[in-house]
Amino acid sequence: MFQDDPFLMPRNAANSRLYSLSKESGKNAAKYIIKNFPQYFDKTVADPNVPCLMPETLTPQIEGMSEEALKERIHLRRVKESVDMFDQLVQAGTPVSLETTNRLLDLLSFYGDEESTSEKEEEAKEDLEEPGVLLVKYNCVKSVDGNVMIDSDLDSRENNHAERIFKIMPERNAHSYCTVIRGMVKHGAASKAYDMYVDLLNERHKADVHTFNALIRAVPYLKERFIERWELAKEFLTHMAQQEVQPNLLTFNALLKTLRRCGGVGRSMCLMVLREMEALDIVDLPPSGIISEVLDEVEKRGFTPQDPDDANFFSTAMQVCCDLKDIKLAYQLNETMGKGDNWKFLDVDRLNGYWSKFFSLLCMMEQIEVVLKWYKEMSPSLFYPTPKNILDLLQALDAANQLEVIPSVWEDVKQLGFTRKQDLLEEFLSLMSRDKHPDEIQLAFAKCAEDIKAAHEPAGREQLPLEWTGSTLGSVVVLFSRAGRTQEAWNMMEHFQQANRIPTDKVMDEFLSCAKRTNCPDEAIKLVKLAASLGLPSSQRLKSRTEEEFELSEAQKETLESIKWDGDSSDSDSSDSDSDRE
């Protein structure tokens, strides 16, 4: 998918998604240019001519005004040109066959009055060739309260082309009614679709299964009360039985989605619907319906999508595994996902979410060796870890007492671009500074601390520096001190006063020990001065340690003795006030 040049490879999930969208956008732009400027792409006839390898003809070849020219424009999905030519034929008194008019209604019911786009063309390519499976989809948006609502802004306005042409048709058959009903449902006119269905019944026509599927999906937008929704859905099912229309998988999926919006009534009816699906051999249900037995049924075969929501199966099932904390079930699901073309159910967004959930479960339930093995195999070839995944991995390393792996994880964090995630930085520093480690590890930890220190500094005018907290400052000082980097540790100590933060006793003791190991008495005296200026209770203790553990010159001793203590100044002030009273 990506170029060999590492510079062009996405760094994280957001960049990967942007890359994929940009790639598709480039394809659509190329199609647009070819479609609108065909004169610049004259095609030479191949010898021998292989039609399946030749580019698709996107410009009308039949000139003049005729039914054949209308059919060609409908096939090319040119909405405006098709409507204009139909109107011209009608005005000229040229009869248009019922079949051609129905094909035009199919086109308008899918696109509305809008011109076709590259994205919609791919979606409708097969549908327009097979009108029987047209238009069972919704364009939905979420309202403020979280409920899914149909976007009625699309093309449900009065007297649109589809309705206008339908009204002037000299004769109409069941297909005419069905395609307009499905178009109304698709474009947010559920009430008008139901009225059209009543007209269909009055004309003694029969609806097809796809029309019933659309009407069942529209039930929540026709009735407000839960019981009324169920009664209307049941009425449609009864009509299907009376008209001898065999339900399919999409029928029951539409019914289950409607029942989800029927409150307690829907919950009480779901099991009955599932049993009916099983009786009609539409699905094979396990006895108890739990996910492990579902996977037992599906893991041995591959599947092809039959419903728009089928793409959610694997990501939803992995979330269930995480909720159950069942790693064996997750392994079973992952094997099922690898069967046949099942992986195609996961697009870029779902794929990263699926692996992210799987990895978090591994960190929680597996041995650290297994976790690291999966981490090396998965990142970044299968997915890009999220900040939460990194936190889960750090917790797993902590639980297994393998903190020496942290520097390599930090390198991945830099590659992923997470160096400005405050909670992530604090977790790294906390784990690295908590305990002492061998010198080699401490040097690697100090290198990580140096990177984190650089992340807190402004990198440009538009980038604000991260705010230093007392814990992050103290952890960086501790890591520099344990690595023997005294001057850098002291530079960080000075940040405490600048950032109005107070260092802990542990931080000051670690710095003093570092100054002793590197024989830097001047830095020890500076530390005592800093503690005294901050009015810390440990000032006297640090002074005593400095006098005992360092070989001080006379000048250094005088400097140490000359340090003013807050306690001394307060005592002198109180003695002065006593003398004034006397």
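Two residues are said to be in contact here when they have heavy atoms within 4.5 Å of each other. By that criterion, and with neighbours within four places in sequence set aside, Met-493 is in contact with Val-477, Pro-503, Val-507, Met-508, Phe-511, Leu-527 and Leu-530. These values, like the others in this report, come from a predicted model.

**Overall architecture**

The protein chain has 582 residues, of which 41% are buried. Its secondary structure comprises 28 helices and two strands. Among the contacts with a separation of 6 or more, 65% join residues 24 or more positions apart. The accessible surface comes to about 31900 Å², and carbon and sulfur atoms account for 51% of that area.

**Nonpolar cores**

Met-493 belongs to the largest nonpolar core, which has 86 residues; together with Phe-428, Met-493 has the most contacts inside that core. Apart from it lies another core of 52 residues, including Leu-89, Met-169, Phe-236 and Ala-254.

**Helix 17 and its cover**

Helix 17 spans residues 368-378, and its buried residues include Ile-368, Val-371, Leu-372, Trp-374, Tyr-375 and Met-378. These six lie on the same side of the helix, because they cover an arc of only 165° around the axis. The face turned away from this buried side carries the exposed residues Glu-369 and Lys-376. Among the elements that cover the buried residues of helix 17 are helix 15 (327-337), helix 16 (348-365), helix 18 (387-399) and helix 19 (406-416).

Thr-546 is located in helix 26, which runs over residues 539-549. With a relative accessible area of 0%, Thr-546 is buried. Leaving out residues up to four places away in sequence, Thr-546 touches Leu-512, Ala-524, Ile-525, Val-528, Leu-552 and Leu-560. Ser-20, in helix 1, has a relative accessibility of 10% and therefore counts as buried, the limit being under 20%.

**Salt bridges**

Side chains of opposite charge can pair when their charged atoms come close. The whole structure contains 31 salt bridges. Three of them are set out below.

| Pair | N to O distance | Relative accessibility |
|---|---|---|
| Glu-72 and Arg-73 | 3.7 Å | Glu-72 16%, Arg-73 12% |
| Lys-453 and Glu-457 | 3.0 Å | Lys-453 24%, Glu-457 39% |
| Glu-549 and Lys-516 | 4.0 Å | Glu-549 28%, Lys-516 44% |

Glu-72 counts as buried, as does Arg-73. In contrast, Lys-453 is partly exposed, and Glu-457 is also partly exposed. The bridge between Glu-549 and Lys-516 links distant parts of the chain, with Glu-549 in helix 26 and Lys-516 in helix 24 (residues 505-517), 33 residues apart. Both residues of this pair take part in a network of salt bridges that also includes Asp-509, Arg-541 and Arg-545.

**A nonpolar surface patch**

One of its members, Leu-58, lies in the loop between helix 1 (13-36) and helix 2 (67-75). Leu-58 has a relative accessible area of 30% and is partly exposed.

Terms used:
Residues numbered from 1 in each chain as written. Predicted model: local features only at pLDDT ≥ 70, side-chain atom pairs only at ≥ 80, totals over all residues. Heavy atoms only, no water. Helix = DSSP H or I, 4+ residues; strand = E, 2+ residues; numbered from the N terminus. Buried < 20%, exposed > 50% of the residue type's maximum accessible area, 1.4 Å probe, protein only. Core = buried A, V, L, I, M, F, W, Y, C linked by side-chain atoms within 4.5 Å. Arc of directions from axis to C-beta. Areas by Shrake-Rupley, 256 points an atom, 1.4 Å probe, with all protein chains shown as cover. Salt bridge = Lys/Arg side-chain N within 4 Å of Asp/Glu carboxyl O.
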